[in-house]
Amino acid sequence: MALLSQKTALITGATSGIGLATARALAQAGCRLVLTGRRAQRLKALVKEFSELTAVHSLCFDVRDRKATTQMISQLPEEFSQIDILINNAGNAHGLDSFEDANLDDWDAMIDINVKGLLYVSKAVIPQMIKRKTGHVIHLGSTAGKEIYPKGNVYCASKHAVDALNHAMRIDLNGKGIKVSAIHPGLVETEFSEVRFKGDKARAQQVYKGYNPLQPEDIAEIIVFVLSRPPHVNIADLMVMCLDQASSTIVNKTVE
Ligand code: NDP
Ligand code: 8X3
């Protein structure tokens with residue numbers, strides 16, 4: 001892990017799930033961390049927890065707010081301002097409704113957070129990577145960015161956009177010394193479904209019942225693997241599901 005211990009990583013959506021597990025794994029690897037999210041109390045607690053392991057700083061903002069995103073990142077203290085690793089993770093599904101029943105606010109949220117927010121953060125971070133001719137951007141896509149499932153409509157579209165932007169950035173940044181990778185997980189047991197179902201915990205828990213879903217730590221381990229390849233190796237695109245999942249709609253639910 002010698003390589004990672006000299007790097008600074010900015011993780012969006014570090015307050016829960018995959019982002020939090022990734023922050024833990026990178027803190028253990030000795031990476032300097034910039035943690036972002038909207039929940040200030042959680043960020044405060046995480047800074048306290050991780051500061052025993054590494055240098056850590058938090059930024060509390062909503063990625064939908066273009067001005068706040070740009071300002072916060074541009075005003076990072078000097079020791080955190082050279083970002084080597086950007087984990088574009090913040091995102092969620094909002095609702096699971098057919099096209100005719102879906103709510104426009106949910107659609108706005110998914111496009112604004114999963115797509116536009118990712119763009120605002122990337123635009124604030126990548127120029128200094130270009131100047132230094134080094135960096136690694138990792139996108140959290142989804143199997144929903146590779147296929148479409150019933151009622152997934154706009155969430156799937158937002159993750160297809162992430163897949164497209166992963167390709168686009170790799171093309172436009174080619175020759176500039178910056179790696180661009182995407183990880184596309186299937187079902188991972190996080191707060192994702194609780195957000196999708198607007199706080200309905202019982203419905204959210206059902207999503208992960210009857211089989212062994214991926215855990216956020218499984219994805220964090222893969223992120224550490226992707227980040228720790230030799231300088232000439234870029235893992236461009238990686239899809240990962242639990243053993244019981246074959247596609248977005250085929251999940252072998254056999255456990256009581
Ligand atoms: P969680 O709900 O556990 O975490 C989502 C994170 O995103 C939180 O830290 C949240 O922080 C942050 N976030 C959400 N909205 C905003 C916003 N507007 N501004 C800033 N931060 C925001 O879900 P996951 O860990 O599962 O999701 C992480 C990523 O992985 C997402 O992009 C998701 O689409 C993707 N993914 C998830 C899968 C799953 O099955 N769980 C599978 C495939 C991909 P806060 O609330 O503090 O702002
Ligand atoms: C999260 C996985 O299948 O709920 O991206 O869309 S799924």
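Ligand 1 sits in the largest pocket, and ligand 2 sits in the largest pocket too. "Sits in" here says that more than half of a molecule's atoms lie within 2 Å of the pocket's grid points. This is a predicted model, where local features need pLDDT of at least 70, side-chain atom pairs count only at pLDDT 80 or more, and totals for chains, interfaces and linings use all residues. Residues are numbered from 1 along each chain as its sequence is written, chains are lettered from A and ligands numbered from 1 in the order in which they are written, and side-chain values use heavy atoms, leaving out hydrogens and water.

**The pocket**

- A pocket is found on a 1 Å grid over the protein atoms alone: it is an open set of points where a 1.4 Å probe fits, with protein on both sides within 12 Å along at least five of seven lines.
- Its volume, the space filled by probe spheres set on the points, is about 1200 Å³.
- The lining (residues with an atom within 4 Å of a point) has 50 residues, and Asn92, Tyr155, Thr190, Phe192 and Ser193 lie nearest the pocket's centre.
- Helix 1, helix 5, helix 6 (192-196) and helix 7 (201-207) are the elements that give two or more residues to this lining; helices are DSSP runs (H or I, at least four residues), numbered from the N terminus.
- Helix 6 brings the largest share, 4 residues.

**Ligand 1**

- Look for polar contacts, pairs of N or O atoms within 3.5 Å: a ligand 1 oxygen is 3.0 Å from a side-chain N or O atom of Arg39, and a ligand 1 nitrogen is 2.8 Å from one in the side chain of Asp62.
- On its own, ligand 1 has 890 Å² of accessible area (Shrake-Rupley method, 1.4 Å probe), and the protein covers 97% of that.

**Ligand 2**

- Around ligand 2 you'll find Ser142, Ala144, Tyr149, Tyr155, Phe192 and Arg196.
- An oxygen atom of ligand 2 is 2.5 Å from a side-chain N or O atom of Ser142.
- For the side chain of Tyr149 that distance from a ligand 2 oxygen is 2.7 Å, and for Tyr155 it's 2.6 Å.
- Taken alone, ligand 2 exposes 240 Å², and the protein buries 88% of that.

Definitions and conventions: Near = heavy atom within 4 Å. Polar contact = N/O pair within 3.5 Å; in protein donor to acceptor, adjacent residues only side chain to side chain.
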